[in-house]
Amino acid sequence: MRRVRGLVLSPSAVTVMAIAAGAVLLAVGLELTGYHSGQAFRAMWHGAFGSWYAFTSATLLRAIPLIVIALGFALALKGGALNIGAEGQFYAGAIAATWIGLQVHSWGTVPAILAVWLASCLAGVVWMALPVLLRTRYGVLEAISTLLMNFIALSLVSYMVQGPLQEASGIYPQSDQIAEVARIPLIAGTRLHWGIAVAFGLAALIWWIFKSSQWGFHLRAVGQGAEAALVTGRIDRNRVLAAALLWSGALAGLAGGFEVSGVSHALYQNLSPGYGFAAIAVALLARLDPRGIVLSGILFGALEAGAGAMQRDAGVPSVAVYVVEAVVILVILLAGAAKAAGLGSRSPALSVGVEP
Amino acid sequence: MPVRFALDDITKRYGSVTALDGAHLLLEGGEVHAVLGENGAGKTTLMRVAFGLTAPDLGTVALDGVPVAIPNPRAARALGIGMVHQHFTSVPQLPVAENVALSAGWPARPGDMRRRLALLCQTLDLPLDPDALAGTLPVALKQRLEILKALATDTKVLLLDEPTAVLTPREAAGLFTFLRSFASEGGAVALITHKLNEVLDGADRVTVLRAGRVTHTGPAEGETRSTLTRHMIGRDITSPEQSRSVSGGDVLVRVADGVLASPSFQGSGLRSGSLEVRAGEVVGIAAVEGNGQRELLRASAGVWTLDGGVVELAGSCAFIPEDRTSEGLIPAMSLTENVVLGGAPGASWLRHAGPLTTIDWQAAAEASAKIIEEYGVVAPGPESPVATLSGGNQQKLVLGRALLSEPRVIVAENPTRGLDVAAATEIHDRLRRAAHNGAAVLFYSSDLDEVLEMADRVVVVANGRTVPVDGAPGRTRVGELMLGSRSPGS
């Protein structure tokens with residue numbers, strides 16, 4: 001153990017290392033391709049944190065879907081299930097939110113908004129139902145089925161905005177604006193909607209579930225030792241997994257609902273700049289800790305916000321920030337693999353030392 | 001001319017841990033030499049050095065008086081050293097002939113392979129079907145295949161690591177007959193074993209290791225169980241009083257005509273299992289691996305559900321699964337979390353608020369600290385991962401957790417597997433005490449001697465069917481019943 005332990009860094013060191021490695025690699029890449037990395041980073045900083053308006057209306061606004069989806073991803077992965085289909089569930093939620101949002105013109109604000117949120121959650125659950133069924137009944141890996149459901153969702157959005165939900169004028173492939181009452185109010189002086197408070201509240205709730213509830217413990221047990229959970233814990237693994245995945249879908253759907261009722265107020269294609277995938281990095285960077293997800297969600301929100309500014313002010317294509325996201329995921333995965341190898345490499349001879 | 005194989009003054013360190021500390025092993029041609037020792041004493045490391053799997057830090061190896069270097073198993077085989085490992089090393093999807101050819105380095109010509117194998121089987125008098133797939137062979141024949149592989153090249157020294165752990169008494173006796181004949185041709189045999197009877201009955205000489213050092217080496221004749229035990233652990237083991245309880249308690253476990261197909265599709269499954277366990281008694285299950293005992297035990301504990309038949313369980317039941325690191329514990333979780341994992345429904349740390357159940361981790365930590373203290377679990381603390389504990393300490397935690405809620409029924413599946421004598425004795429002691437205090441204990445071990453020692457009553461499971469054993473069960477009688485209708489050997 002002693003030799004191996006040297007390789008295993010503390011979790012927070014890994015996090016810092018992951019972010020630093022991403023930034024350094026981005027800088028090197030920019031310099032090698034003839035951009036001024038200093039100028040690019042300044043533009044990013046300015047776009048993300050340069051002013052209260054930039055922080056709230058660009059960074060935090062983008063952090064909302066990232067945090068909410070990442071919480072759902074973490075919920076599923078705690079139980080050992082990989083929900084790669086958040087993008088699809090996000091769109092399912094967005095479609096449902098738009099549809100409800102177009103019906104509620106005569107409602108009060110609170111019921112209208114709640115109806116939109118509920119509908120988007122349910123749509124996320126519906127979109128997850130098939131993968132859950134396939135997983136629990138036939139053992140089909142949810143990592144594959146949820147991923148494939150993404151493509152169906154994208155096609156469905158495309159169909160919706162050119163068909164049933166297309167704007168009345170029928171010119172552009174987008175929906176009409178949803179009812180005023182169905183729009184989430186904004187925080188004064190910003191474009192940030194109050195969904196941010198819900199996102200923080202959900203993070204607190206899920207943190208508590210992981211820490212203190214018996215269900216949260218069962219979820220972790222299934223994720224870390226499925227056989228022991230079954231034999232020793234007498235935990236119904238399929239039930240726990242199904243619930244975790246469905247909640248995961250509900251959260252991704254809710255993120256889609258937030259985006260429609262808080263930001264775009266209408267449905268169109270490419271509504272998400274890849275939130276469903278970026279959120280995976282957000283959750284992994286935080287090592288599935290809901291408190292950390294809030295922070296890493298804001299960081300990634302800043303990256304997304306900064307990317308736009310970087311393109312505008314320094315002429316660097318905004319896709320460059322995906323380098324950072326990708327490197328973060330790789331470093332975290334490598335650190336995890338090193339840790340797993342460390343724990344698993346106890347040879348019988350090495351265990352002699354701790355024998356009574 | 002008889003060989004002499006000598007390992008001298010072998011030292012091997014892993015970091016700060018000394019696995020072997022100047023150990024020696026001298027094998028003479030014509031002898032069967034037993035290597036004894038507790039878990040972690042260095043037996044397997046010594047064998048690995050002899051077979052070139054582990055490079056010693058210090059020490060010499062000599063064959064017929066000539067110092068030799070054995071950097072790898074290939075070199076060992078070239079020198080005429082063969083090894084039968086504790087775990088089977090054949091390719092299950094390949095036929096016997098190809099497995100032997102693969103190991104011996106024979107050219108892969110089908111006719112040729114079969115001819116050479118037939119000759120080998122005949123010479124050694126160990127018949128085996130060359131076309132049978134290795135994975136489908138019964139355990140005893142799988143081991144025969146391993147022996148054929150080890151002897152396929154011109155082998156003078158045969159090393160075996162716990163070869164009888166998976167065999168019935170009769171099969172083990174067959175193995176010793178073979179080893180004896182191999183030795184009588186001038187070969188040398190070294191075998192690791194945990195079973196003292198085998199040393200006393202089957203070996204010529206014995207070398208005992210403790211903490212990497214040889215504490216005794218000499219003829220097996222004149223030794224007794226207690227002298228060997230003293231060499232192994234350095235003191236006498238005082239077995240607790242055999243307070244055989246009077247079985248007049250209530251029936252707490254009843255299985256009637258239980259049927260359960262093997263979930264892993266291995267072995268016979270349970271075809272017709274019936275048993276009763278009363279309060280205050282230890283019922284021992286004797287069976288050869290894969291005969292349905294696992295299904296019977298788990299159905300009794302309510303872990304698996306029977307396909308047919310009835311299970312009646314009166315009161316709470318604790319189950320101790322055989323594989324503690326995959327089924328009994330979650331290695332990455334802390335001791336406390338693992339205590340919570342196996343907690344009874346009414347555990348002290350559970351709090352109920354409406355439909356919501358929460359965990360009071362403070363109370364759970366107290367419970368695990370109590371187990372650590374009471375059972376002498378050596379651990380850095382209740383919050384360190386279970387993976388950092390040794391096997392014996394992990395099993396103490398499993399047992400302490402199982403007994404924490406004072407269950408009325410305890411079902412233990414091979415609870416001393418891989419434990420040294422002292423740890424195993426403590427497990428026995430605790431289980432017997434639980435029975436004495438009124439629990440019904442159902443106990444299975446793959447070691448028949450252990451079952452006979454522990455049990456008030458024995459139930460044999462053979463070929464998926466239970467056979468109750470009346471009266472004081474003799475070892476031979478139980479051994480015969482264990483074989484059931486299955487033919488022994490080929």
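## Strand β19 of chain B

In this predicted model, strand β19 of chain B spans residues 440-444. Of its 5 residues, 5 are buried, so the strand is largely enclosed by the rest of the structure. Buried here means 20 or more other C-beta atoms within 10 Å of the residue's own.

In a regular strand, side chains alternate between the two faces of the sheet. Both faces of β19(B) are covered. On one side sit Ala440(B), Leu442(B) and Tyr444(B), which are buried.

## Strand partners of β19(B)

Strand β13 of chain B, residues 282-286, pairs with β19(B). The pairing is parallel and runs over 4 bridges. Here Val282(B) stands opposite Val441(B).

Strand β18 of chain B, residues 409-413, also pairs with β19(B) in the parallel sense. This pairing has 5 bridges. Val409(B) has Ala440(B) as its bridge partner in β19(B).

Helix α14 of chain B covers residues 421-436. Together, β18(B), α14(B) and β19(B) form a β-α-β unit. The unit is right-handed.

## A helix pair in chain A

In chain A, helix α6 (residues 109-138) packs against helix α11 (residues 237-264). The packing angle is about 140 degrees, and the axes are 6 Å apart. The crossing of α6(A) past α11(A) is right-handed. What kinds of residues make up the contact of α6(A) with α11(A)? The contact has 19 nonpolar, 10 polar and 1 charged.

Note on methods:
Residues numbered from 1 in each chain as written. Chains lettered and ligands numbered in written order. Predicted model: local features only at pLDDT ≥ 70, side-chain atom pairs only at ≥ 80, totals over all residues. Buried ≥ 20, exposed ≤ 12 C-beta atoms within 10 Å, placed from the backbone. Helix = DSSP H or I, 4+ residues; strand = E, 2+ residues; numbered from the N terminus. Pairing = 2+ DSSP bridges. Right-handed = clockwise from strand over helix to strand, strands pointing away. Axes fitted to C-alpha atoms, helices over the stretch in contact; angles between N-to-C directions. Left-handed = near helix turned anticlockwise from the far one by under 90°. Nonpolar A, V, L, I, M, F, W, Y, C, P; charged D, E, K, R; others polar.
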